[in-house]
Amino acid sequence: MSIWRVILSIFFPPLAVFDKGCGSIIIVLLLTLLGWIPGVIAALIILNNPNK
């Protein structure tokens, strides 16, 4: 996970998980709409997942 991805996930979480698939984008977008902090946390968790 690069520093640019972390910065992008703080300012606009759905754009940070753009290459992780449509499901990840939708989940992060919905969580960001519900509250900015849950979206950031979800984006960081998805980006830090070593399986994908």
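The structure is a predicted model, in which local features need pLDDT of at least 70 and side-chain atom pairs count only at pLDDT 80 or more, while totals for chains, interfaces and linings use all residues. Residues are numbered from 1 along each chain as its sequence is written, and side-chain values use heavy atoms, with hydrogens and water left out.

The overall fold comes first. The chain has four helices and zero strands, so its elements, taken from the N terminus on, run α-α-α-α. Helices (H or I, at least four residues) and strands (E, at least two) are DSSP runs, numbered from the N terminus. With a radius of gyration of 10 Å, close to the 10 Å that the globule rule gives for 52 residues, the chain is as compact as a globular protein of that length. The radius is taken over C-alpha atoms, and the globule rule is 2.2 Å times the number of residues to the power 0.38. Taken along the principal axes, the C-alpha atoms fill a box of roughly 25 × 20 × 15 Å.

The next topic is the surface. The chain exposes about 3,700 Å², and carbon and sulfur atoms supply 76% of this area. Accessible areas come from the Shrake-Rupley method with a 1.4 Å probe, and for residues only the protein chains shown count as cover. Of the 52 residues, 27% count as buried. Here buried means under 20% relative accessible area, exposed means over 50%, and partly exposed lies in between (1.4 Å probe, protein chains only).

One part of the surface is a nonpolar patch of about 1,400 Å², whose members include Ile 3, Trp 4, Phe 12, Leu 15, Phe 18, Trp 36 and Ile 45. The elements that give two or more residues to this patch are α1 (3–11) and α4 (36–48). Helix α1 gives the most, with five residues. Patches are made of residues with over 30% relative accessible area and no salt bridge; like charges are joined within 9 Å, and nonpolar side chains (Val, Leu, Ile, Met, Phe, Trp, Tyr) within 5 Å. Leu 15, one of the patch residues, belongs to helix α2 (residues 13–16). Leu 15 counts as partly exposed because its relative accessibility is 43%.

Leaving aside neighbours within four places in sequence, Leu 8 is in contact with Pro 13, Leu 15 and Ala 16. Because its relative accessibility is 29%, Leu 8 counts as partly exposed. Leu 8 and Gly 21 are 13 residues apart in sequence, and their C-alpha atoms are 17 Å apart in space.

Helix α1 also takes part in a salt bridge. The structure holds one such bridge, in which the side chains of Arg 5 and Asp 19 meet (3.3 Å, N to O). The pair links distant parts of the chain: Arg 5 is in helix α1, and Asp 19 is in the loop between α2 and α3, 14 residues apart. A salt bridge is a side-chain nitrogen of Lys or Arg within 4 Å of a carboxyl oxygen of Asp or Glu. Arg 5 is partly exposed because its relative accessible area is 27%, whereas Asp 19 is exposed because its value is 52%.

With a relative accessible area of 14%, Ser 24 is buried. Apart from neighbours within four places in sequence, Ser 24 is in contact with Val 17 and Ile 46. Gly 23 is found in helix α3 as well, and Gly 23 is partly exposed because its relative accessible area is 41%. The C-alpha atoms of Gly 23 and Leu 8, 15 residues apart along the chain, are separated by 18 Å.

A database record covers part of this stretch. UniProt, in an unreviewed entry, places the feature "transmembrane region" at residues 25–47. UniProt positions are given in the numbering used here, feature names are shortened, and annotations may be inferred rather than shown by experiment. Over residues 25–47 the chain is 96% helix and 0% strand, and the end C-alpha atoms are 12 Å apart.

Finally, Pro 50 is in the segment after α4. Pro 50 counts as exposed because its relative accessibility is 74%. Its C-alpha atom and that of Gly 21, 29 residues apart along the chain, are separated by 15 Å.

Technical notes:
Contact means heavy atoms within 4.5 Å.
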